[in-house]
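Have the viewer open and follow along.

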Amino acid sequence: HSICCGMAAKKMADYKGTPNPEGFYTAGMLHDIGSLIIFKKKPQQAREILMACKSQNTSLVEEERKILGFDHAQAGGALLKAWRLSKFLHETTAWHHDPFKSTTHRVAAGIVHIADIVSYHINEGSGGGMPKVTLNDEVVTELGFSKAYLASLEKDLKKPFEEAIHAFL
């Protein structure tokens, strides 16, 4: 998922003519790093969260906030900030589910948000019972992406993503 999100974010940044599209690849790769923290430090709550998502058809973020009082995006953003990585990386990670809350990297957080959802769509057939995810249409509109562009992005990324995965397996 992270590889696909990185690929989608870079491609979207290229499309928008955004400086440093490679940075968007890194942001996409790191966007869910907070989930690893939760799985490692709170394994029982992580299982509870995933089971609640599946049984109640709720979003991961919603269940994390309910059970933990914070979500994986906030945890990941805090980790990247503690590691003294760029504000670009910790803001895009922290706010990829709520891009309008980013104070300095709203557009970048929006691109990672959309890339995250596009990646879920591309990976739907891979199983694993992924939690419900919702695309924020206001973010799509503000950033000027059309539904047709997002559909073509998914189609265009499918094969390169599969090739990238095979390189790792």
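Here, buried means under 20% relative accessible area, exposed means over 50%, and partly exposed is in between, using a 1.4 Å probe and protein chains only. Keep in mind that this is a predicted model: local features need pLDDT of at least 70, side-chain atom pairs count only at pLDDT 80 or more, and totals for chains, interfaces and linings use all residues. Residues are numbered from 1 along each chain as its sequence is written, and side-chain values use heavy atoms, with hydrogens and water left out.

Start with Phe145, which counts as buried at 5% relative accessibility. Rings of Phe, Tyr and Trp (its six-membered ring) pair if their centres lie within 6.5 Å; planes under 30 degrees apart are stacked, over 60 edge-to-face, and the rest tilted. A search of the whole structure turns up four aromatic pairs. In one of them, the rings of Phe24 and Phe88 have centres 5.2 Å apart and planes at 75°, so this pair is edge-to-face. Phe24 belongs to helix H2 (residues 21-30) and Phe88 to helix H7 (residues 87-94), so the pair ties together parts 64 residues apart in sequence. (Helices are DSSP runs of H or I with at least four residues, strands are E runs of at least two, and both are numbered from the N terminus.) Phe24 is buried at 3% relative accessibility, and Phe88 is buried at 17%.

Phe145 and Tyr149, by contrast, are stacked, at 5.3 Å centre to centre with 20° between the planes. Ring pairs also bring in Tyr15, giving a cluster of Tyr15, Phe145 and Tyr149.

On a 1 Å grid over the protein atoms alone, a cavity is a set of points where a 1.4 Å probe fits but cannot get out; lining residues have an atom within 4 Å of a point. A pocket is an open set with protein on both sides within 12 Å along at least five of seven lines. The largest cavity is lined by Ser35, Ile38, Phe39, Ala46, Ile49, Leu50, Leu60 and Glu64. The second largest pocket has 16 lining residues, with Ser59, Val61, His97, His113 and Thr134 nearest its centre. H8 gives the largest share of that lining, four residues.

Finally, the backbone. Most residues other than glycine have a negative phi. Asn20, in the loop between H1 and H2, has a positive phi of about 55°. Asn57 also has a positive phi of about 55°, and its place is in the loop between H4 and H5. Asn20 is partly exposed at 48%, while Asn57 is exposed at 53%.
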